[in-house]
There are 2 protein chains.
Amino acid sequence: MKISYLDLEKEFLRILRKHGVSDDSAIPCAHEFAETTAYGVVSHGVNRFPVFIGQLDKGEVKPHANPVKVGTFGAIEKWDGQQGIGNLIAKKMMDRAMEIASMQGIGIVALRNTNHWMRGGSYGYQGAKKGFISICWTNSIAVMPAWGAKQCCIGTNPLIIAVPTNPITMVDMSMSMFSYGKLQNYRLAGKALPIDGGFDNEGNYTRDPATIEANKRILPMGYWKGSGLSIVLDMIVTMLSGGLSVSDITKSGSETNVSQIFIAIKPSNEGVTASMQKSLQDIVSYVENAEPCDPNIRPRVPGQEFEKRYRKSMTEGIEVNDSIFEKLKSL
Amino acid sequence: MKISYLDLEKEFLRILRKHGVSDDSAIPCAHEFAETTAYGVVSHGVNRFPVFIGQLDKGEVKPHANPVKVGTFGAIEKWDGQQGIGNLIAKKMMDRAMEIASMQGIGIVALRNTNHWMRGGSYGYQGAKKGFISICWTNSIAVMPAWGAKQCCIGTNPLIIAVPTNPITMVDMSMSMFSYGKLQNYRLAGKALPIDGGFDNEGNYTRDPATIEANKRILPMGYWKGSGLSIVLDMIVTMLSGGLSVSDITKSGSETNVSQIFIAIKPSNEGVTASMQKSLQDIVSYVENAEPCDPNIRPRVPGQEFEKRYRKSMTEGIEVNDSIFEKLKSL
């Protein structure tokens with residue numbers, strides 16, 4: 001079914017209030033979930049909302065907790081999320097990284113004891129919209145085997161890098177080749193994956209989503225490369241935040257108290273200069289004008305589709321899966 | 001054939017002197033090439049040395065040029081490499097990033113007009129050895145199609161992230177799934193690639209190295225993910241350094257005047273603390289002790305093999321391909 005942005009936001013707010021969240025947290029939180037959904041990232045917007053409410057009910061997410069600064073070293077600050085609402089805290093931390101960068105060129109916030117930030121791209125976008133190069137990542141519970149392992153021991157640890165072009169260029173990449181959500185979509189559609197997504201039980205590459213959902217031998221993006229990247233990202237966030245690593249989170253048994261990094265870089269004292277804009281536009285044109293595989297599809301500059309998707313959601317409403325909508329109504 | 005570290009270094013020095021390089025540049029440059037080879041990265045050590053000499057002879061590499069600082073903004077410095085020797089300049093820039101980080105927690109050096117840095121991992125290692133989290137990347141000439149393109153329009157833009165564990169953990173990853181050097185190795189050995197490495201002329205995935213070497217439709221690592229990452233890395237380095245982008249370098253017709261980024265992060269005022277070391281060791285153990293695919297091969301923590309390789313080179317000598325050695329003697 002289709003629903004308007006405002007009606008969806010109102011529905012999120014109703015549910016948050018009912019689950020004991022006061023308006024100072026509930027209003028911005030409903031807004032963040034509506035925004036993420038409007039940008040087309042339903043997996044971390046409306047579809048994830050019931051899971052988030054479950055975490056609230058279990059007490060894993062403390063809706064009125066505020067992040068606290070616990071240390072400073074030059075342009076690096078260490079914060080504790082106090083197990084608050086992940087997307088609200090992440091937004092504050094990205095704002096803080098930009099404040100530091102405004103003075104020192106770069107700002108890093110290392111955050112511990114926070115909760116799932118939902119769509120990581122929101123924070124990259126937030127920084128790039130204000131003219132900052134923005135880099136952030138989070139760790140997670142172990143859901144993927146490292147290269148050479150059968151057993152899950154590394155996180156999807158999504159990495160976001162956003163650049164202040166117009167529209168914004170951004171990668172928002174999980175370290176797994178496909179998310180479990182994508183595997184489910186392919187399985188429900190009765191389709192094979194377009195490329196290998198994991199190993200079967202005999203250790204051969206497979207494109208069968210059900211096999212991978214069952215044995216959890218999901219492939220890192222870029223095989224050994226994504227596996228390595230996942231490990232170093234976890235190491236850095238754990239070191240700088242003093243928080244839990246993927247190993248610690250997994251041993252705790254639930255994906256809470258995760259650790260995150262927010263980096264903002266001010267491109268120059270004057271922000272994004274005209275000559276920078278020109279260089280960036282040259283890069284975009286060079287990619288977009290390269291001879292395409294399919295004459296009807298331009299080579300892709302990552303993330304530039306989001307503005308269009310958002311405008312479409314605002315004018316035409318947001319498509320929400322019927323069963324998810326029923327679920328919302330029951331909450 | 002086998003050659004000792006010192007004999008190989010002496011041979012590099014002889015050639016550099018013969019090609020007009022004075023000892024203040026020739027001695028450290030010979031040392032860097034010997035080190036890279038001893039760490040087992042022959043592709044960017046001894047095997048690349050003749051190409052480097054060719055660039056010197058053509059005047060693309062100016063052996064006595066020194067990098068010049070052209071701007072500062074907080075913890076970010078902008079330098080111009082003056083087309084000097086890539087590996088010597090990169091080493092200086094990483095040292096400078098560490099100096100800034102010692103005072104401000106983090107230091108970024110954005111470098112333009114430099115030359116190929118040979119093994120990027122050298123600079124990650126250099127920083128991590130001194131206790132800094134080290135992140136660096138370079139752009140390159142376009143040798144890979146972007147996602148959705150047939151034509152080469154993005155760089156391999158290797159990204160290095162090194163973490164001060166013992167031994168050092170490091171990814172040193174090109175944005176292509178395989179390098180052209182690897183494709184050549186497989187072709188010469190008469191083997192197919194173990195996974196898809198590019199597209200054939202009909203646009204199907206292929207594991208045939210010769211096809212990809214011919215049509216240059218090499219795959220980004222992680223398909224669309226590596227393509228996107230390559231683009232944002234190029235954008236950032238171009239913005240911050242004010243130097244040439246992949247597009248500019250490609251239009252210039254030769255891979256010189258490239259742009260690079262060096263980031264050092266001091267993990268705390270006291271460097272790497274005991275509690276950080278413990279967390280890092282927990283991450284390593286968690287990965288290494290996960291159930292392996294092959295009971296005889298431990299799951300891989302990236303980069304930890306280099307110390308062992310280096311010690312082996314030092315005690316047993318360095319294996320150099322006969323034809324490469326003949327080539328050296330002729331230079």
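**Entry 1: the overall fold**

How many helices and strands does chain A have? I looked this up before anything else, keeping in mind that the model is predicted. I found 12 helices and 13 strands in chain A. Next I checked the radius of gyration, which is 20 Å for chain A; the globule rule gives 20 Å for 331 residues, so chain A is as compact as a globular protein of that length. I also noted the extent of the C-alpha trace, about 55 × 55 × 45 Å along the principal axes of chain A.

**Entry 2: inside and surface of chain A**

What share of chain A counts as buried? I got 60% of the 331 residues. For contacts in chain A with a separation of 6 or more, I saw that 64% are between residues 24 or more positions apart.

**Entry 3: two chains, one axis**

I wanted to know how the chains are arranged. Two copies of a chain are related by a rotation about an axis and a shift along it.

I picked A:Ser247, which I found in helix 9 (residues 246–252) of chain A. Is A:Ser247 buried or exposed? It counts as buried, because its relative accessibility is 1% and the cut-off for buried is under 20%. Leaving out residues up to four places away in sequence, I saw that A:Ser247 touches B:Asp282 and B:Tyr286. I also took a distance within chain A: A:Leu233 is 14 residues from A:Ser247 along the chain, and their C-alpha atoms are separated by 13 Å.

**Entry 4: a residue in helix 5**

I moved on to A:Ala128, which has its place in helix 5 (residues 121–129) of chain A. A:Ala128 is buried too, with a relative accessible area of 5%. What does A:Ala128 touch, not counting residues up to four places away in sequence? I listed A:Ser134, A:Ala162, A:Val163, A:Pro164 and A:Ile168. For scale, I checked A:Met173: it is 45 residues from A:Ala128 in sequence and 17 Å away in space, C-alpha to C-alpha.

**Entry 5: helix 3 of chain B**

Which residues of helix 3 (residues 49–58) of chain B are buried? I wrote down B:Phe49, B:Pro50, B:Phe52, B:Ile53, B:Gln55 and B:Leu56. Their cover includes helix 1 (5–18), helix 2 (23–38) and helix 12 (322–330) of chain B. After helix 3 of chain B I came to B:Gly59, with a positive phi near 85 degrees.

**Entry 6: backbone exceptions**

Most residues other than glycine have a negative phi, and most peptide bonds are trans. I went looking for exceptions.

- I found a cis peptide bond between A:Asn166 and A:Pro167, with omega about -5 degrees. A:Pro167 is in the loop between strand 8 (159–163) and strand 9 (169–173) of chain A.
- In chain B, a cis peptide bond joins B:Asn166 and B:Pro167, again with omega about -5 degrees.
- A:Asn157 is not a glycine, yet I read a positive phi of about 35 degrees. A:Asn157 lies in the loop between strand 7 (152–154) and strand 8 of chain A and is buried, with a relative accessible area of 0%.
- B:Met118, also a residue other than glycine, has a positive phi near 65 degrees. I located B:Met118 in the loop between strand 4 (106–114) and helix 5 (121–129) of chain B, and B:Met118 is buried at 5% relative accessible area.

Note on methods
Residues numbered from 1 in each chain as written. Chains lettered and ligands numbered in written order. Predicted model: local features only at pLDDT ≥ 70, side-chain atom pairs only at ≥ 80, totals over all residues. Heavy atoms only, no water. Helix = DSSP H or I, 4+ residues; strand = E, 2+ residues; numbered from the N terminus. Rg over C-alpha atoms; globule rule 2.2 N^0.38 Å. Buried < 20%, exposed > 50% of the residue type's maximum accessible area, 1.4 Å probe, protein only. Contact = heavy atoms within 4.5 Å.
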